[in-house]
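Dear colleague,

Please find below the structure that I am handing over to you.

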Amino acid sequence: MITARKSQDRGHFQADWLDSYHTFSFDTYYDPHHMGFRTLRVINEDRVKAGAGFPLHPHRDMEILSFVLEGALKHQDNLGHEEVIRAGEVQRITAGRGIMHSEFNPSNEETVHFVQIWILPESKGLTPSYETKRFAPKIPNSLQLLASRDGRDDSAVLCQDVALYVGDLAAGGRVEYPLPASRHAWIQVLRGALELNGTPLEAGDGAAVSEEQLLTLTTRNQAQFLLFDLH
């Protein structure tokens, strides 16, 4: 079963410095029918103008991933971390019992475009922690593991039974992903357009997947997407 969540149906917030789309309920956007999927709670697609950003603010009891698509994002937190995350890199924060951080676009010219993901952790009150991962250039028509429970393949370590992949499809490309009967998936299209088991999806679209033994993703042109494997 595949249930599409179209881009234009997402929540939208726009300010002079921020253009943000919310796949699930977030902040002032509330939709009781879209509160998340399994342990996946938030997918926000953000564009932040040069020199702007989110000032110091708190989080707790959440696994937070940021995946930069274009530009760069500067992170600072009360644990002493200060780092710039660039396109293609992943940041993971275990907020646990509490963390304060800020996120800014350090560029004077370029907009930063990134996806922020929140995942419910396996338990509350975890020790806060932080890491970033830089990956080798992506191979067309393949899946690259970005984050996982066991940190395999040098992925970021999540405190939840979730595996997150990024997929890049070249023109005419195809990739397959077996999905065990006990698992579910969420697909989020980042760029281009593709078909998921024959269901057409475009940039910004998402899809909840259950009771599908094999996921087949194809594109006529080019596409990039995230694949969440969830219990």
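D31 is buried, because its relative accessible area is 16% (buried means under 20% relative accessible area, exposed over 50%, and partly exposed in between, with a 1.4 Å probe and protein chains only). This is a predicted model, in which local features need pLDDT of at least 70 and side-chain atom pairs count only at pLDDT 80 or more, while totals for chains, interfaces and linings use all residues. Residues are numbered from 1 along each chain as its sequence is written, and side-chain values use heavy atoms, with hydrogens and water left out.

D31 lies in the loop between β3 and β4 (strands, E, are DSSP runs of at least two residues, and helices, H or I, of at least four, numbered from the N terminus). Leaving aside residues up to four places away in sequence, D31 touches R5 and S25 (contact means heavy atoms within 4.5 Å). The side chain of D31 also reaches the backbone nitrogen of H33, at 2.9 Å. Between D31 and G11 there are 8.6 Å from C-alpha to C-alpha, and the two are 20 residues apart in sequence.

Next come the aromatic rings. Five aromatic pairs are found in a search of the whole structure (rings of Phe, Tyr and Trp, the last by its six-membered ring, pair if their centres lie within 6.5 Å; planes under 30 degrees apart count as stacked, over 60 as edge-to-face and the rest as tilted). The pair of F37 and W186 is tilted, because its planes are at 50°, with the ring centres 5.7 Å apart. This pair links distant parts of the chain, 149 residues apart: F37 is in the loop between β3 (18–22) and β4 (40–48), and W186 is in strand β17 (residues 184–196). Both F37 and W186 are buried. Ring pairs join F24, F37 and W186 into a cluster.

Strand β13 (residues 142–148) is mostly covered, with five of its seven residues buried. Strand β13 runs antiparallel to strand β15 (residues 162–169), and five bridges join them (two strands pair if DSSP finds at least two bridges between them). Within β15, D168 is the bridge partner of S142. Strand β13 is also joined to strand β14 (residues 156–157), by two bridges, and these two run parallel. Here A147 stands opposite A156 in β14.

Yours sincerely

Key:
A polar contact is a pair of N or O atoms within 3.5 Å; within protein, one must be able to donate a hydrogen and the other to accept it, and residues adjacent in sequence count only if both atoms are side-chain atoms.
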